[in-house]
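Okay, everyone, thanks for coming. Let me put the structure up, and then I'll walk you through a few parts of it.

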Amino acid sequence: MNRFRTRITATLALTTTTALLLTACGAADSASSSGGTRKVAVLAASSQNGYNQAVYKGVQQAAAASGKKITLKLLDGQFDSNTQLSQLQNVTSTGDYDGVVVVPNDGVGLAAAFPLSKKIPVATVLNPIGPDINKMEPQVDGVVTTVGVPPAAAAQKQAEGVVTYCARINPCKVVLLVGNLSTPLDVARRNAYKKVLGAHSNIEVVSTVEGQYDRDTSLKAISNVLQAHKDINVILSNADQEAAGAQIALQNAGIKPSSVYLTGAGGTKDAVAAVRSGAWKAAYINFPLSMGKAAMEQLIKAMDGGTPKAVVDSDGIGGVEPYATKETLARTPDFTGEWNG
Amino acid sequence: MTATETAPEAGAGVAVHGGTPIGPRVIAFARDYAALILLAAIFVTLSIISSSFLSFTNVMNILNQSTPLAIIAVAGTFVIVSGAFDLSTAAMYAVVSVVAASIATSTGSTWTALLAAPVLGLVMGALNGLAVTRLNVHSFLATLASSLVYKAVAVLVTGGSLITVTTSGFSDLGRGQVAGIFYSVLILLVVFALASLLLNGTVFGRHVFAVGGNSDAAHLSGVRVDRVKVTVFALSGLAVGIAGAIGVSRLASGQPQAGSGLELQAIAAIILGGTSIYGGIGAVWRSLVGVYLIALIGNGFDILNVNPQMKDLVTGVIILAAVALAAADRRRL
């Protein structure tokens, strides 16, 4: 009986504590949209991710800089397409929000939320919303601006860097370390890599492995590849987290990372430091904070009844050459990267 | 094989040896050791078709890269044999990773940081055990809930960002070697030996089997069921802490996404090895077989440059085949 009572007490205590916590959180978050205050929902692909947090920070900075009364509500997409689709449907059907900034998990799937129940402007960051993942111009009615670059074009530019490096190496052995080949985005990137590299007979893609945007997964994959190909010349990755794992794999195998063409994408602080030090030959830099800022600025224009830019080229907003090498970074010594992850 | 595992069934056979027909004995052996046989078959096949596979460095590479998962699976065997599940291992791994990285960057002390991981793991594991026993919640739900809490803690510690560790010597545990053998592999061997001894050679081990076989009967027999349950969850947490220390040291960084998916990989490896998902039957070595079976498939795909889109398909089919083979034996009884 005592044991039963203890369990009941513990359960009640847990429930009460949770309820109090939720009430406290809700009170902090439930700003009113009355009195000329605009309410904007920010749909992060995942709120626990450094890239998305930098985007949100940029959104906050732009909101503060606008001098207008704007309250922001951050929603966590948990890296799940369906979760984010539901969130977009929810925030655009209640009438509580005046605008949306979204970092899509799946821009193709998210198009299902359009046309929106309430016609409010949507700004998308990194990926477009619609059937064509390489088309930045708004593809569905309701999206007012897209801040990004076509993923295939960015991948193509990365691969062109490899071609330049391999020009005097024959055969030039390349390992493709791609994120997740079950997503259209990474399949498009992989195809762009192969298309560019396949046009050069001296370049041999010896292996294609998945890094899953994770250091440990990439460390394992490249460690395995190095068992069969110790003489690789290039590791081409679409993510800095993956390149960081590859770097450890090279070091574990007794290979100096600077002796191969190691490159990633994303522009993390670690990647910028690695390129500056010469450990990586190049990195494709993203500017998530500037992208969030640009998206919010365009959204504010739309909410004010103005005409926002349909496409903001995210490569041109960071003040740094996005396809960075040690030489290009030397021109901007103060730049350290806009996020880490 | 443990005392609780079923003996090969006698049946008709062509040849007879020692009173039992050879045919059924071979079949029973195959069913009993399905994962081990598959492991050997894949090992031999890869040795034949890839000139890069069978080398000391590659074997060490396979052993080393799976060490965190293997340590978690070794302790997870206790949890599953006791009839429970621990779905919070990945979240605990994330917490110990980010806390160890935070301590290293803030104090500059490598050993304080790395020792904090198992201590913290032990505490979180014990809390899981207390949640299961005190609140009388099924372990599946209790650890699912605690995983959300622990994951949130990991995010709060880091703010969602990566913590890069540059403290001198921090990477030694994860990357260091002696005579070509990674420290992490040596740690795994010690953990494996201790866990095997604990499960098969002590009263506590017998109590774990008893609780998993029939907790009511165990209780009536004088086994302190709750204490056993709390202990197995604490062991699981401790193992996650050790694995997390190795992982964070290896990557020299901690992040809240660390260990993502480890909980299901560990459970899959344990079940694949032949430990019963229903509890009461199992062995530590079987979990290692499951871990390395999955690791061999991954290694084979990467060194043979097979389309990575096929990896999950092949892994899934092999897991299904091994589990179905083992289950066929139980269905006959």
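So, α5(A) passes α6(A) in a right-handed crossing, meaning that the near helix is turned clockwise from the far one by less than a right angle. Before I go on, this is a predicted model: local features need pLDDT of at least 70, side-chain atom pairs count only at pLDDT 80 or more, and totals for chains, interfaces and linings use all residues. Residues are numbered from 1 along each chain as its sequence is written, with chains lettered from A and ligands numbered from 1 in the order in which they are written.

Back to our pair: α5 is residues 151-166 of chain A and α6 is residues 184-198 of chain A, with axes that come within 8 Å and cross at roughly 35°. Helices here are DSSP runs (H or I, at least four residues; strands are E, at least two), numbered from the N terminus. Axes are lines fitted to C-alpha atoms, for helices over the stretch in contact, and angles run from 0 to 180 degrees between N-to-C directions.

Who makes the contact (C-beta atoms, placed from the backbone, within 7 Å)? Among them are A:Ala155 and A:Ala159 of α5(A), and A:Ala188 and A:Ala192 of α6(A).

Now the two chains: 26 residues of chain B are in contact with 28 residues of chain A. On chain B's side, α3 (56-65), α12 (225-251) and α14 (284-304) each supply at least two residues.

Residues 181-199 of chain B are 89% helix and 11% strand, with end C-alpha atoms 27 Å apart. Residues 69-96 of chain B are 75% helix and 0% strand, with the ends 15 Å apart by C-alpha atoms.
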